Amino acid sequence: MPPKLVVGNWKMHGGAEELAEARDLARRSADAKCQIVVCPPATLLNRLDREFEGTRLATGGQDCHFGRTGAHTGDISAAMLLDAGARFVIVGHSERRSDHGETSAQVRSKADAAIDAGLVAVVCIGETEDERDKGMELEVAGTQLEESVPGGADGDSLAVAYEPVWAIGTGRTPSIADIEAMHDFIRSRLIERFGETAGRAIRLLYGGSVKPGNAESISGARNVDGCLVGGASLTASSFAAIIDAFE
Ligand code: PGA
């Protein structure tokens with residue numbers, strides 16, 4: 001089995017002063033057995049990657065363009081992220097889907113571009129509160145999964161993050177039973193599509209209000225192979241406590 005994967009998403013937070021926090025994180029998690037990735041704003045990516053040199057920590061982008069190069073002002077390609085030191089990239093985060101109107105078809109193109117460039121794509125899916133209230137969460141996640149995940153993906157090139165939109169940044173999380181129901185469902189869909197071996201090797205992350213206080217129980221949930229952490233990844237002590245829970 002691949003190691004568990006814990007990904008920190010700094011979103012639009014952080015400048016040079018946060019590099020000290022990252023050094024502290026590397027020190028605190030020197031003996032961790034899980035794989036640890038920090039996705040800072042693109043402006044910090046290369047500096048953070050240098051901070052992590054000689055440590056077990058890796059860096060990732062928060063988004064990429066689906067093209068390789070071209071006239072796309074403000075965008076960053078997957079190859080550019082790799083060039084800056086990244087080994088991972090998050091695609092299809094719900095904030096990208098809502099702030100920038102990204103569709104699952106676009107997310108799939110981005111994931112394809114990321115994998116082509118040699119990055120691991122972390123594809124995010126998840127229902128809104130309204131969709132869960134209507135009992136549509138499996139249907140919504142299933143469609144997003146089908147449409148956002150490229151063909152030919154495997155455990156080395158892809159991770160899937162289930163992030164219910166209503167749990168992101170709210171302090172609310174689904175019950176462990178609800179997380180397991182969703183992760184079982186995603187696992188079965190991945191096995192149907194990619195076969196038993198690849199379908200089981202693709203790591204399934206839970207994301208949305210993961211904190212030191214709930215990380216232990218989430219990490220013990222069936223078919224949870226890691227987590228995607230926003231707010232609590234900004235402080236070395238809280239992120240390190242979450243990493244500890246995912247050993
Ligand atoms: P949160 O964010 O941990 O702050 O809820 C998670 C995410 O958006 O990836």
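On a 1 Å grid over the protein atoms alone, a cavity is a set of points where a 1.4 Å probe fits but cannot get out, whereas a pocket is an open set with protein on both sides within 12 Å along at least five of seven lines, and residues count as lining when they have an atom within 4 Å of a point. The model described here is predicted, so that local features need pLDDT of at least 70 and side-chain atom pairs count only at pLDDT 80 or more, while totals for chains, interfaces and linings use all residues. Residues are numbered from 1 along each chain as its sequence is written, and side-chain values use heavy atoms, with hydrogens and water left out.

The ligand sits in the second largest pocket, a placement that requires more than half of its atoms to lie within 2 Å of the grid points. That pocket has a volume of about 200 Å³, a volume being the space filled by probe spheres set on the points, which are joined across faces, edges and corners. Its lining is made up of 19 residues, and Lys11, Gly169, Val229, Gly230 and Gly231 lie nearest its centre.

Around the ligand itself there are 13 residues, the closest being Lys11, His93, Glu163, Gly169 and Ser209, where a residue is counted if one of its heavy atoms lies within 4 Å. Polar contacts are pairs of N or O atoms within 3.5 Å. The side chain of Lys11 places an N or O atom 2.7 Å from an oxygen atom of the ligand, and a polar side-chain atom of Glu163 is likewise 2.7 Å from a ligand oxygen atom. Gly169 contributes through its backbone, with an N or O atom 2.6 Å from an oxygen atom of the ligand. Of the 280 Å² of accessible area that the ligand has on its own, the protein covers 97%, as computed by the Shrake-Rupley method with a 1.4 Å probe.

Lys11 also takes part in the largest pocket, where it is among the residues nearest the centre, together with Met12, Gln62, Asp63 and Arg96. This pocket has a volume of about 580 Å³ and is lined by 23 residues. Helix 4 (residues 94-99) supplies the largest share of that lining, three residues, helices being DSSP runs of H or I with at least four residues, numbered from the N terminus.

The structure also holds one cavity of 30 Å³ or more. Trp10, Glu21, Ala22, Leu25, Ser233, Leu234 and Ala236 line the largest cavity, and helix 1 (residues 19-28) gives the largest share, three residues.

Definitions and conventions. Helix = DSSP H or I, 4+ residues; strand = E, 2+ residues; numbered from the N terminus. Polar contact = N/O pair within 3.5 Å; in protein donor to acceptor, adjacent residues only side chain to side chain.
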